[in-house]
Amino acid sequence: MEEKRGYRGALRLTLVTKRIILANIAVYVLFKLTWIVLRDATSIETLLSWVALPTICADLLRRPWTTITYAFVQIDFLHLLINMLWLGWFGSMLSSLRRANYILRIYFAGALSGALCFILYNLWWNAEAAYLTGASAATAAIISATAIYAPRHRTKIILIGNIPLYAVAIIALISFTTGTAETICAHMGGAIAGGAFAWKWRTSPHRASATIRKKMKQRNRKNEILEKARVSGYASLSESERLQLFDLARHSTTRTKRTLI
C-alpha cells in the first residue's frame, strides 16, 4: 500500500527540471528580443514557423522537428508563467518519487502525444492553417504522471493544509481545458501519455509501491531529524541520528550526481 504521509520537505528543482524551464525561458526571451530589435511581425512569423507545430501536413513533413520544439515555445508571458509553475512543482515532486531523468522522458512523450492529437484533430476537421506552441501538453503529462503514480500522496498547501495530490492535479489539469478545441485536444493527449507512463510504473511487479515506501520513509526520517535539530539544536541529536542524517544526505547527493548530471 502507498504511503499517506504528507510531503514535509521543501520542493527542490532537480537539474533536469531546471534545464527544461530554462530552455522555455530562453526561447521566450529570444522571441521578445527579436521583436524589440526588428519590430517586424513578418520576421517573428518566419522564426515561429521553424519551431511551432503546423497544422498543414506538408509543412510538418518539411519540419518534423516541430513535433518537439513547439513544446519549448511560449509567446505570451502568462502562458509561460503558468506552465513553468506547474512544471516546476509537479516535476520536483515526481523527481522525489522517481529518478529525475524520468521527467525528460515524460516531457517529450507528452509533447509528442500532444502533437499527434493536434495533428489528428486538424486532419479530421480539416482546420485552417495555424500553429501550436506551448509546453502545456508536456506539462500536463508530468502532472497526470505524478497524480497517477502517487494518488494518495499528500502535499501541504498554505492556508489549507495537507490535501491529496490528485486533488491538486485535477485543478491543474482543469486549467488546461481553456482555449480552442485543437489545443485542448493536444493538452489531453499529453495528459494521457503521462498517465500511461505512470500506470505502467504502478503495475510493474514489486516496483512502484516499494519505491514510494522506501523514498518516503527516508525523506520523512530525514525531515524528522532536521526538525529536531532546528528546534533543539544540532547538539541535541544522538550519535545514531547524526549518522543517519549523514548517510541520508550522502545518499541524496550521490543519487543526484548519478541521475541528473
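Me: Let's start with Thr 17: which residues does it touch, if those up to four places away in sequence are not counted?
Reply: Happy to begin there, with the reminder that this is a predicted model. Thr 17 is found in helix H1. Once residues up to four places away in sequence are set aside, the contacts of Thr 17 are Leu 87, Gly 88, Gly 91, Ser 95 and Ile 103.

Me: Is Thr 17 buried or exposed?
Reply: The cut-off for buried is under 20% relative accessible area. Thr 17 has a relative accessible area of 0%, so Thr 17 is buried.

Me: Which residues of H1 are buried?
Reply: Thr 17 is one of them, and Val 16 is another.

Me: How far apart are the end C-alpha atoms of H1?
Reply: H1 has 24 residues, and at 1.5 Å a residue they should span 34 Å. The model agrees with that expectation, because the end C-alpha atoms of H1 are separated by 34 Å.

Me: Which residue just after H1 takes a positive phi?
Reply: H1 covers residues 15-38. Just after H1 comes a positive phi of about 55°, and the residue that takes it is Arg 39.

Me: Are H1 and H2 roughly parallel or roughly antiparallel?
Reply: Two packed helices are described by the angle between their axes and the distance between the axes. For H1 and H2 (residues 41-49), the axes are 9 Å apart and the packing angle is about 150°. Angles over 145 degrees count as roughly antiparallel. H1 and H2 are therefore roughly antiparallel.

Me: How many nonpolar residues are in the contact of H1 with H2?
Reply: H1 passes H2 in a right-handed crossing. From H1 come Phe 31, Thr 34, Trp 35 and Leu 38, which meet Ala 41, Ser 43, Ile 44, Leu 47 and Leu 48 of H2. By class, the contact has no charged residues, two polar ones, and a nonpolar count of seven.

Me: Is Cys 57 buried or partly exposed?
Reply: Cys 57 is found in helix H3, residues 57-62. A residue is buried under 20% and exposed over 50%, with partly exposed in between. Cys 57 has 32% relative accessibility, so Cys 57 is partly exposed.

Me: How far apart in space are Cys 57 and Leu 123, C-alpha to C-alpha?
Reply: Along the sequence, Cys 57 and Leu 123 are 66 residues apart. In space, their C-alpha atoms are separated by 8.6 Å.

Me: How many polar residues are in the contact of H5 with H7?
Reply: H5 (residues 77-97) and H7 (residues 136-149) pack at about 35° with axes 9 Å apart, and their crossing is left-handed. Residues in the contact include Trp 86, Leu 87 and Phe 90 of H5, along with Ile 142, Ile 143 and Tyr 149 of H7. The contact has ten nonpolar residues, no charged ones, and a polar count of six.

Me: How far is Tyr 149 from Leu 97, C-alpha to C-alpha?
Reply: Tyr 149 belongs to helix H7 and, with 0% relative accessibility, counts as buried. Tyr 149 and Leu 97 are 52 residues apart in sequence, and in space their C-alpha distance is 8.7 Å.

Me: Is H6 roughly parallel or oblique to H7?
Reply: The axes of H6 (residues 102-125) and H7 come within 7 Å and cross at roughly 125°. That angle makes the orientation of H6 to H7 oblique.

Me: Which residues of H7 does H6 meet?
Reply: H6 passes H7 in a right-handed crossing. On the H6 side, the contact uses Ile 103, Ile 106, Tyr 107, Gly 110, Ala 111 and Gly 114. Their partners in H7 are Ala 137, Ala 138, Ala 141, Ile 142 and Ala 145.

Me: Is Tyr 102 buried or exposed?
Reply: Tyr 102 lies in helix H6, and its C-alpha atom is 9.6 Å from that of Gly 91, eleven residues away along the chain. Buried means under 20% relative accessible area. Tyr 102 is at 15% relative accessibility and so counts as buried.

Terms used: Residues are numbered from 1 along each chain as its sequence is written. This is a predicted model: local features need pLDDT of at least 70, side-chain atom pairs count only at pLDDT 80 or more; totals for chains, interfaces and linings use all residues. Side-chain values use heavy atoms; hydrogens and water are left out. Axes are lines fitted to C-alpha atoms, for helices over the stretch in contact, and angles run from 0 to 180 degrees between N-to-C directions. Helices (H or I, at least four residues) and strands (E, at least two) are DSSP runs, numbered from the N terminus. Angles under 35 degrees count as roughly parallel, over 145 as roughly antiparallel, 65 to 115 as roughly perpendicular and the rest as oblique. A crossing is left-handed if the near helix is turned anticlockwise from the far one by less than a right angle, and right-handed if clockwise. Contact means heavy atoms within 4.5 Å. Ala, Val, Leu, Ile, Met, Phe, Trp, Tyr, Cys and Pro count as nonpolar, Asp, Glu, Lys and Arg as charged, and the others, Gly among them, as polar. Buried means under 20% relative accessible area, exposed over 50%, partly exposed in between (1.4 Å probe, protein chains only). The expected span of a helix is 1.5 Å times one less than its number of residues.
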